[in-house]
Protein chains: 2
Amino acid sequence: MLILALDVLERDVALDVARKCGEYVDFIKVNYPLVLSAGIDVVSELSEIRPVIADFKIADIPYTASLIADIAFRHGVRAVIAHGFAGSDMLRAVRDVADRHGGEVYAVTELSSQGGREFMTRHTLEIVDVAKEVGCDGLIAPATRPERIAEIKKRAENLRVICPGVGAQGGRLEDVLKAGADGIIVGRTIYQSEDPARTAREIRERIDGLMK
Amino acid sequence: MLILALDVLERDVALDVARKCGEYVDFIKVNYPLVLSAGIDVVSELSEIRPVIADFKIADIPYTASLIADIAFRHGVRAVIAHGFAGSDMLRAVRDVADRHGGEVYAVTELSSQGGREFMTRHTLEIVDVAKEVGCDGLIAPATRPERIAEIKKRAENLRVICPGVGAQGGRLEDVLKAGADGIIVGRTIYQSEDPARTAREIRERIDGLMK
């Protein structure tokens with residue numbers, strides 16, 4: 001799977017890149033900077049191009065988390081991303097909302113940033129267990145640490161593992177797939193490219209070649 | 001301090017409650033459900049009534065966290081809330097953005113929900129240390145666990161400690177203030193009251209009486 005992290009701030013740029021790259025990517029991942037700048041309706045518009053993952057990294061009390069997830073699903077997203085470290089009650093609340101909408105839930109195990117090593121890495125496998133118990137569809141694991149992906153994937157069993165941090169953050173596509181990832185999240189490398197469609201197609205071909 | 005958690009979904013309701021209660025509260029805290037439903041401009045409008053804390057519970061890589069904080073401050077908020085769990089690099093990135101805007105940063109130690117006990121409580125005091133080191137202005141601590149507030153406040157030294165979970169979630173105002181909290185966050189008890197202004201004034205008077 002190739003997931004486009006559409007981390008731009010303007011609605012028109014987002015829709016333009018999405019339209020150009022749509023046929024080469026499986027999902028479009030949006031985060032708060034775009035949604036806050038352009039308004040939540042951009043999510044509905046993008047959902048008409050490709051299925052959207054709302055990367056809201058939800059980490060709140062269950063009541064608030066449910067409201068956030070519900071708004072995302074009502075705007076057409078296929079999946080939401082929530083933090084495992086916030087606890088099983090929250091993941092379960094988000095799972096319940098997703099079920100009502102026929103949507104999916106991905107749980108963050110550890111952030112790909114340096115700070116992800118401070119607290120989160122100490123609980124990664126426990127978070128995998130909680131995500132499995134709650135019935136999440138997949139996990140977010142750091143492309144910057146392929147050795148961790150292998151460990152997470154082994155524990156995750158049939159949950160999909162998708163990985164941000166390829167490209168600008170330093171993760172290598174080949175290492176990430178070899179470690180067992182089911183999907184790669186690529187942002188700046190594609191949307192900052194002179195020809196986003198060609199770059200997306202090339203990455204897609206590399207993924208397809210490696211996953212054969 | 002009394003902080004109004006304005007967890008409603010409609011712009012008009014938010015502005016109405018804020019205008020009615022404004023004189024009795026020190027801050028208005030907004031979360032994503034309102035901002036996603038009503039659009040980010042509601043934050044600017046509320047900021048004209050009372051200083052706003054953007055309770056976005058930021059928990060992302062530093063780059064994305066900076067963008068989210070920057071959008072909040074550009075819409076006039078006084079402070080943002082970020083998760084200590086996400087690591088010191090992210091808190092530092094948010095601190096830098098806040099400094100550029102003359103704003104404040106509060107770090108979540110542990111969520112007031114049951115799930116806050118699963119992973120977060122195991123690192124609460126480490127998170128307090130990180131928040132101090134980074135130069136955060138304050139901490140979020142659970143009103144549902146007064147014994148934790150006392151411990152957090154002791155370790156926090158001169159950082160302000162503010163506590164959600166009073167009222168609907170079960171925390172008692174007296175217990176929270178006795179434990180050393182500098183501020184109380186109250187939501188449903190005020191905005192679901194038949195007379196939000198009167199309820200806010202009564203809570204204000206109780207706080208002022210107890211903190212004398």
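B:Arg117 sits in the loop of chain B that runs between strand S5 (104-108) and helix H6 (124-134). Helices (H or I, at least four residues) and strands (E, at least two) are DSSP runs, numbered from the N terminus. With a relative accessibility of 42%, B:Arg117 counts as partly exposed; buried means under 20% relative accessible area, exposed over 50% and partly exposed in between, with a 1.4 Å probe and protein chains only. Setting aside neighbours within four places in sequence, B:Arg117 is in contact with B:Arg145 and B:Glu147, where contact means heavy atoms within 4.5 Å.

A word on the ground rules. This is a predicted model, in which local features need pLDDT of at least 70 and side-chain atom pairs count only at pLDDT 80 or more, while totals for chains, interfaces and linings use all residues. Residues are numbered from 1 along each chain as its sequence is written, chains are lettered from A and ligands numbered from 1 in the order in which they are written, and side-chain values use heavy atoms, with hydrogens and water left out.

### Where the chains meet

In chain A, 42 residues are in contact with 42 residues of chain B. About 3600 Å² is buried between chain A and chain B, and carbon and sulfur atoms give 65% of that area. On the chain A side, A:Leu36, A:Phe85 and A:Phe119 lose the most area to chain B, together 21% of what that side buries. Buried area here is the accessible area (1.4 Å probe) that two parts lose on being put together, summed over both.

### Enclosed space

Rolling a probe the size of a water molecule over the atoms shows where empty space is left. Here, a search of the whole structure finds 3 cavities of 30 Å³ or more. A cavity is a set of points, on a 1 Å grid over the protein atoms alone, where a 1.4 Å probe fits but cannot get out, and lining residues have an atom within 4 Å of a point. Grid points are joined across faces, edges and corners, and a volume is the space filled by probe spheres set on the points.

| Cavity | Volume | Lining | Classes in the lining |
|---|---|---|---|
| Largest cavity | about 330 Å³ | 27 residues | 13 nonpolar, 7 polar, 7 charged residues |
| Second largest cavity | about 270 Å³ | 26 residues | 12 nonpolar, 7 polar, 7 charged residues |

For the classes, Ala, Val, Leu, Ile, Met, Phe, Trp, Tyr, Cys and Pro count as nonpolar, Asp, Glu, Lys and Arg as charged, and the others, Gly among them, as polar.

Nearest the centre of the largest cavity lie A:Asp7, A:Pro164, A:Gly165, A:Gln169 and B:Ile61. Two or more lining residues each come from strand S2 (27-31), strand S3 (52-58), strand S8 (183-186) and helix H9 (188-191) of chain A, together with helix H4 (62-74) of chain B. The largest share, 3 residues, belongs to H9(A).

For the second largest cavity, the lining residues closest to the centre are A:Ile61, B:Asp7, B:Pro164, B:Gly165 and B:Gln169. At least two lining residues each are supplied by helix H4 (62-74) of chain A and by strand S3 (52-58), strand S8 (183-186) and helix H9 (188-191) of chain B. In this lining, H9(B) gives the largest share, 3 residues.

### Residues to look at in chain A

UniProt, in an unreviewed entry, lists A:Lys57 under "active site"; its positions are given in the numbering used here, feature names are shortened, and annotations may be inferred rather than shown by experiment. A:Lys57 lies in strand S3 of chain A and, at 10% relative accessibility, counts as buried. Not counting residues up to four places away in sequence, A:Lys57 touches A:Asn31, A:Ile81, A:Ala82, A:His83, A:Val108, A:Leu111, B:Ala59 and B:Asp60. Although not a glycine, A:Lys57 has a positive phi of about 35 degrees.

A:Glu157, not a glycine either, has a positive phi of about 55 degrees. Its place is the loop between helix H7 (146-156) and strand S7 (160-163) of chain A, and at 54% relative accessibility A:Glu157 counts as exposed.

A:Cys21 is found in helix H1 (residues 11-21) of chain A and counts as buried at 0% relative accessibility. Leaving aside neighbours within four places in sequence, A:Cys21 is in contact with A:Leu4, A:Ile190, A:Pro196, A:Ala197 and A:Ala200.

Note on methods. 1 Å grid on protein atoms, 1.4 Å probe; cavity = no way out; pocket = protein on both sides within 12 Å on 5 of 7 lines; lining within 4 Å.
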